[in-house]
Amino acid sequence: LEGLDADESESSTERMVCAEAMGEVAKKGDTEAVAALMFSLRDDASVFVRDKCASSLGKISAIGDEAVTSALVEAMCEHENYEVQIPAIRALGVMARKGDPSVVCALLPLVDDEEVGLRLEALKTMAKVGARGDMAVTQAVLQRLTDQTPVVREEAIKALGKLAGRDDVEAVRALGRIIDCNRPEKALATDALVAVARSVEDTPFWER
């Protein structure tokens, strides 16, 4: 832990290596390691150290840890460097609780960010933490079906397969149009439609 302390180590490279190593060797839920990583994520002067702190927090934090979730959301939203934002987004995709409104709300504007990498990672994480049937989420994802970047369009299609409800007519029609127009993403859209159609099968009949 001392190697992560800027007062103990003046070398950002040493702190970066230490932060990365903590993600590999610390036990899940190690409170001391988590606290040290959170502190450096917020206060270290090096974006590269904060990058590794975010990644390691995703690996060793307990699922749904509120303090870590809050720290990662702050890094994701308030940091001006996408080299910190992207690992924070990815870490939330690993440790955030499904449907956490604080995470979902923070991700929504990033789905429409001008930076391609942020849009892409936001879509990937939204697909993991968003709740199926959340209309605000599916509306944001639908907008990316016409994104200028092919890989973002593909990720949006995959996300709809995990997030759209069977009764979401707009999402179903949008996926259907991709198939009917024989677009390059036709196969992905077909898989997504199948996933949406089958989603009700995961719900007990008494809850339908």
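Tutor: Let us take Cys 53, which is buried because its relative accessible area is 0%; buried means under 20% relative accessible area, exposed over 50%, and partly exposed in between, with a 1.4 Å probe and protein chains only. This is a predicted model, in which local features need pLDDT of at least 70 and side-chain atom pairs count only at pLDDT 80 or more, while totals for chains, interfaces and linings use all residues. Residues are numbered from 1 along each chain as its sequence is written, and side-chain values use heavy atoms, with hydrogens and water left out.

Cys 53 belongs to helix 3, residues 47-60; helices are DSSP runs (H or I) of at least four residues, numbered from the N terminus. Leaving aside neighbours within four places in sequence, Cys 53 is in contact (heavy atoms within 4.5 Å) with Leu 4, Ala 19, Leu 37, Ser 40 and Leu 41. Leu 41, in turn, touches Cys 53 and also, among others, Arg 50, Leu 57, Leu 72 and Val 84, residues up to four places away in sequence not being counted.

Together with Leu 72, they touch the most other members of the largest nonpolar core, which has 63 residues. A nonpolar core is a set of buried Ala, Val, Leu, Ile, Met, Phe, Trp, Tyr and Cys residues joined through side-chain atoms within 4.5 Å.

As for distance, Cys 53 and Thr 125 are 72 residues apart in sequence and 18 Å apart in space, C-alpha to C-alpha. Finally, the mean pLDDT (the predictor's confidence in each residue, from 0 to 100) of the protein is 90, and 91% of its residues reach 70 or more.

Key
Helix = DSSP H or I, 4+ residues; strand = E, 2+ residues; numbered from the N terminus.
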